[in-house]
Amino acid sequence: MTDREKFYITTAIAYTSRKPHIGNSYEIVLTDAIARYKRLQGKDVFFLTGTDEHGQKIEEYAKNAGVTPKEYVDKVAGEIRDICDLLGTSYDKFIRTTDGYHERVVQKIFKKLYEQDDIYKGEYEGLYCTPCESFWTESQLVDGKCPDCGGEVKPAKEEAYFLRLSKYQKQLEQFIEDNENFIYPEPRKKEMLNNFIKPGLQDLCVSRTSFKWGIPVDFDPDHVVYVWIDALSNYITAIGYDPDGSSDMYKKLWPADVHIIGKDIVRFHTIYWPIMLMALGEPLPKQVFGHPWLLFGEDKMSKSKGNVIYADDLVSLLGVDAVRYYLLSEMPYASDGSISYETIIERFNSDLANTIGNLVNRTIAMQNKYFGGVIQSADITEEIDDELKQYALDTVKKVENCFTTYRVADAIEAVLNLAKRSNKYIDETMPWALAKDEDKKARLGTVLYNLLESIRFIAVLLSPFMPETSEKIFEQLNCEVKDYDSLSQFGATKEGVQVGEAKALFQRIDTEKMLEEIAAKQEADAKEAEAEEEEKIEEISIDDFFKSDLRVAKILECEKIKKSNKLLKLQLDDGSGKPRQIVSGIAKWYAPEDLIGKKAIIVTNLKPVKLCGEISQGMLLSGEKDGEVAVTFVDLPVGAKIC
């Protein structure tokens, strides 16, 4: 470590249950942008991420996959790290909770807390949610289900060790009141205080005996350390904490400057984690920032809902920086963001291709066309130049202010607005008109100099968000002045330097063509998934079967979807009195006019999904053999229930 001001930033560690979707990936990209910006400012940044690899859920996944838990987590942890690398994240350390040093220190932490009576042995009886690995009381359930994931809970009773949360309640409450920015944004702070802390904290179960895939409690091997002490401790074990004597690195870095986490785990990081640290006699992190979720349309992304988008798929379509840009620009500060293929493409074309890409391309092209690429002096100034210069300098301040409170979407918007202002400056100064008058040549040189310098500002400020694009811009500028301090004044671009060749940073996307390609891939993936399911047909009970609501519906209207060669959009009467739309991949076998007026069987209680931009509210039953598909037509009354 150096003598520069340190900045220690972490993500939550990702659970190794399955490959992360793009909603999970938002957090690592957000944290990376903050880390890169702090480095740009000259801070000595340490950026930690990693994986949470123990627990009953992992044990069950591994058993179902026919592998050991370690083999299972090795595979998923590799996928998670690959996605972090694919997205260009600049983490300094990737911790795994199966790392030997972490496991040894967690055992020491548990023993220390037990020996000082902050952990005690008891018995837990309650309602247990396996996916969340959480016990709940009857009053905490929502409609009889887990309040976090909405899943089933089962009665459970077992011997366990407990952490005395109640002992530290007043101390924690006072700390939060005294440190107004500890929980951020403000609504998260109010939620924690009013909904969880002030009503009274119950002691926390911190060991389990019903599964084995965890860190053993070394003085009571029937127990394994439960997720809270195991996973949350990563923030200090990764940098050298040890109850018997911590490293110089720990003393330099701790407390963390900020934990970047999802809003759904704020409680664990602002109640359980601080109390653990208080009990250990260690400082608390300076801030916990709970970011919102990235939704698919209006739903939280979930593999079980079939609405998952993966980072590697998006990168293959758009490139790394375009994906980073969308994730960082589309997420509101406190409310949830939304993602769909249509909006991604729209933002790519409008912001990246039309605004930033076009500005760089035509400015470099004009510099080459009018001056053989050689940058001129900026001697012939006008009032309009001062407006552009001030706008650039003000943008630096706006970005800095935004990062102070982690308003990253607002920061990237400020940079985009500088590009828009620069494009407006082109329209105002009309370089092509100046080029026609030899007496205006010096003025033309000044105009292009100002544009090149504004683009340099954009390249520096874009580097935390879009590092590859930033470097491509610097390459076209042929500029080595990339430091943050150079943005304190307008004019660091050097005259006499020859710019590079004008190259398009972003090629406009043909929206219709790309959406059709995406729909084709989704259909292929769905068929592959169906084939996999057919290979492992599972017996179900009659009760499970009757969960499907099968009804007779009449096809009133039918048309092809313009963005796809394979999908038809049908309007049906299912007897409910409400219109129902279904999208079906049967265009290869049926013309729309052949279906109108026919009665078919549909599944009415499927979760609505969006296919090629159209909502599908159910499924049309059909049969398939040897590549041929036939819809199940019937001669029954509309609305009849199939049973």
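In the largest nonpolar core, which has 108 residues, Ile9, Ile22, Ile34, Leu314, Leu318 and Phe465 touch the most other members. Apart from this core lies another of 66 residues, including Ala12, Ala156, Leu163 and Leu204. A nonpolar core is a set of buried Ala, Val, Leu, Ile, Met, Phe, Trp, Tyr and Cys residues joined through side-chain atoms within 4.5 Å; buried denotes under 20% relative accessible area, exposed over 50%, and partly exposed the range in between (1.4 Å probe, protein chains only).

The model is predicted: local features need pLDDT of at least 70, side-chain atom pairs count only at pLDDT 80 or more, and totals for chains, interfaces and linings use all residues. Residues are numbered from 1 along each chain as its sequence is written, and side-chain values use heavy atoms, with hydrogens and water left out.

Helices (H or I, at least four residues) and strands (E, at least two) are DSSP runs numbered from the N terminus. Helix 3 (residues 69-86) has 18 residues and spans 26 Å from its first C-alpha to its last, close to the 26 Å expected at 1.5 Å a residue, where the expected span is 1.5 Å times one less than the number of residues. Tyr72, Val73, Val76, Ala77, Ile80, Ile83 and Cys84 are buried in helix 3. Seen down the helix axis, these buried residues fall within an arc of 120 degrees (taken from the directions from the axis to the C-beta atoms), so they line one face of helix 3. On the other side, Lys75 and Asp82 are exposed.

The buried residues of helix 3 pack against several elements, including those below; contact means heavy atoms within 4.5 Å.

| Element | Residues |
|---|---|
| Helix 1 | residues 22-40 |
| Strand 3 | residues 44-52 |
| Helix 11 | residues 311-318 |
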